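Hi,

Here is the structure I said I would pass on. Have a look at it first, and my notes follow below.

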Amino acid sequence: CGHLRRYKKIVKKTYIIYYKAYMNKKSAKQNRGTATHEFGHTMGLMDLYNTSNRSKNIMYGVSDRTVYVPSANDIKGAKYATRK
């Protein structure tokens with residue numbers, strides 16, 4: 001499982017922390033999905049907790065997601081979150 005933490009001082013910094021003990025129990029495919037999910041947070045995307053998102057969106061907020069690459073909705077959300 002990954003975890004995103006934001007620290008604010010003079011400059012805002014974002015860190016993604018991965019828990020090795022948990023990640024070592026997952027497949028490479030699952031770990032890539034977690035990395036992609038956590039990177040989504042750095043772009044401003046929030047977790048989605050509706051179980052209908054479990055098999056559809058990388059931003060599903062529970063670790064039993066079955067999607068390992070961004071979906072069209074994830075990409076749409078990322079474009080919206082990073083618009084100028």
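Thr36 sits in helix H2, which covers residues 28-42; helices here are DSSP runs of H or I with at least four residues, strands are E runs of at least two, and both are numbered from the N terminus. By the way, this is a predicted model, where local features need pLDDT of at least 70 and side-chain atom pairs count only at pLDDT 80 or more, while totals for chains, interfaces and linings use all residues. Residues are numbered from 1 along each chain as its sequence is written, and side-chain values use heavy atoms, with hydrogens and water left out.

(Buried means under 20% relative accessible area, exposed means over 50%, and partly exposed is in between, using a 1.4 Å probe and protein chains only.) Leaving out neighbours within four places in sequence, Thr36 has contacts with Ile58, Tyr68 and Pro70, a contact being heavy atoms within 4.5 Å. Val69 is 33 residues away from Thr36 in sequence, yet their C-alpha atoms are 7.1 Å apart.

Ile16, in strand S2 (residues 12-18), is partly exposed at 30% relative accessible area. The C-alpha atoms of Thr82 and Met43 are 6.6 Å apart, and the two are 39 residues apart along the chain.

Now the whole chain. The protein chain has 3 helices and 2 strands, in the order β-β-α-α-α from the N terminus. Of its 84 residues, 24% are buried. Among contacts with a separation of 6 or more, 29% are between residues 24 or more positions apart. The chain exposes about 6200 Å², with 57% of that from carbon and sulfur atoms; the areas come from the Shrake-Rupley method with a 1.4 Å probe, and for residues only the protein chains shown count as cover.

How confident is the predictor? pLDDT, its confidence in each residue from 0 to 100, averages 78 over the protein chain, and 82% of the residues score at least 70. Residues 6-10 stay under 50, and the model has 8 contacts for them beyond four places in sequence.

One last item is the lining of the second largest pocket, which includes Leu45, Met59, Asn73 and Lys76. (A pocket is an open set of points on a 1 Å grid over the protein atoms alone, where a 1.4 Å probe fits, with protein on both sides within 12 Å along at least five of seven lines; lining residues have an atom within 4 Å of a point.)

Cheers

Key
pLDDT is the predictor's confidence in each residue, from 0 to 100.
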